[in-house]
Amino acid sequence: MTEQPARRLLLVHAHPDDESINNGATMAAYAAGGARVTLVTCTLGELGEVIPPELQHLTGAALGEYRLGELTAAMRELGVEDFRQLGGPGRYTDSGMMGLADNDDPACFWQADVDEAARHLVEVILEVRPQVLVTYDDNGGYGHPDHIQAHRVAMRAAELAAGAGWQIPKIYWNRVPRSVAEGAFARLAEDLPGLPFFKAAVIDDVPGVVPDERITTEIDGTAHAAAKAAAMRAHATQIEVAEPYFALSNEQAQPLFTTEYYELVRGEGGEPREADLFAGLDIEEAS
Ligand SMILES: [Zn+2]
């Protein structure tokens, strides 16, 4: 059996760019610390709205291929070598925003059979044997069909992998504490006149905001803030960055969080507010 780093973190995301926005600092921190960081992205984001005018001719498969290049550049910024597409590149396509006709495309991720899609992820889990899985909550953080489906597939794969020989000890959902979001939006309201963005987003646009008491884990990524911002900039078709803010194609400024927050939903934690996703694990034994 090949030698593996002792700490192994698996993240499951819907589109290229979600990983950098949600977990960029966490991924950079663990990669720098010698952990194996594995990212599985479920679609290539073929229906994403493109920001730079000179790239707006890219649509469908051509955009997906371009975004795979952006993802590759972002992973270089974060120091992450192991990134994959669920079932291979293009196996599942972007489903578009909830309620659009795109949701009915038989090739789209929203139409995928959850068990079949999960089996691709089980292969990755049995190979990598992660102690930690990070994904979205059951609403996908904000209701996008691909994010909801990524949640379902990740949770189902964890269940199937447990039956096939690898129980992932800790599972987390991406979160933002409400008090942190409120503080950041109060500053944003003051800073907006100096920003290149059209207007401010609202807290409801931030995925995963929950009451503070649900946060179990806080990863201080201050030391990796530059890597996170660089990774987000690498997704130039989707994101504009003006630190400490960013915007998507709607030109609405949002806070760029360099401390990232999580809710432990499976497994035992360490301290009441952990500072390490692997806290409480006996890593020697688990590896
Ligand atoms: Zn997404």
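**Exercise 1. Find the partner of Glu260 and say what the contact connects.**

Start with the atoms: Glu260 makes a salt bridge with Lys228, with the closest N and O atoms 2.7 Å apart. That passes the cut-off (a side-chain nitrogen of Lys or Arg within 4 Å of a carboxyl oxygen of Asp or Glu). Helices (H or I, at least four residues) and strands (E, at least two) are DSSP runs, numbered from the N terminus. Finally, check the cover: Glu260 and Lys228 are both buried. The scale here is relative accessible area with a 1.4 Å probe, protein chains only: buried is under 20%, exposed over 50%, partly exposed in between.

A quick word on the model: it's predicted, so local features need pLDDT of at least 70 and side-chain atom pairs count only at pLDDT 80 or more, while totals for chains, interfaces and linings use all residues. Residues are numbered from 1 along each chain as its sequence is written, and side-chain values use heavy atoms, with hydrogens and water left out.

**Exercise 2. Describe the salt bridge between Arg156 and Glu159.**

The closest N and O atoms of Arg156 and Glu159 are 2.9 Å apart. Both residues belong to helix H4, 3 residues apart, or about one turn of the helix. Arg156 is partly exposed at 24% relative accessibility, and Glu159 is exposed at 52%.

**Exercise 3. List the donors of the zinc ion and classify the site.**

Collect the donors (N, O and S atoms within 2.8 Å of the metal, or 3.2 Å for Na, K and Ca; water is not among the atoms, so sites may look incomplete). His15 (ND1), Asp18 (OD), Asp18 (OD) and His147 (NE2) coordinate the zinc ion at 2.1 to 2.5 Å. Then the geometry: the 4 donor atoms subtend angles of 55 to 143 degrees, so the arrangement is irregular. For reference, four donors are tetrahedral if all angles lie between 85 and 135 degrees; four are square planar and six octahedral if opposite donors are over 155 degrees apart and all others between 65 and 115; anything else is irregular.
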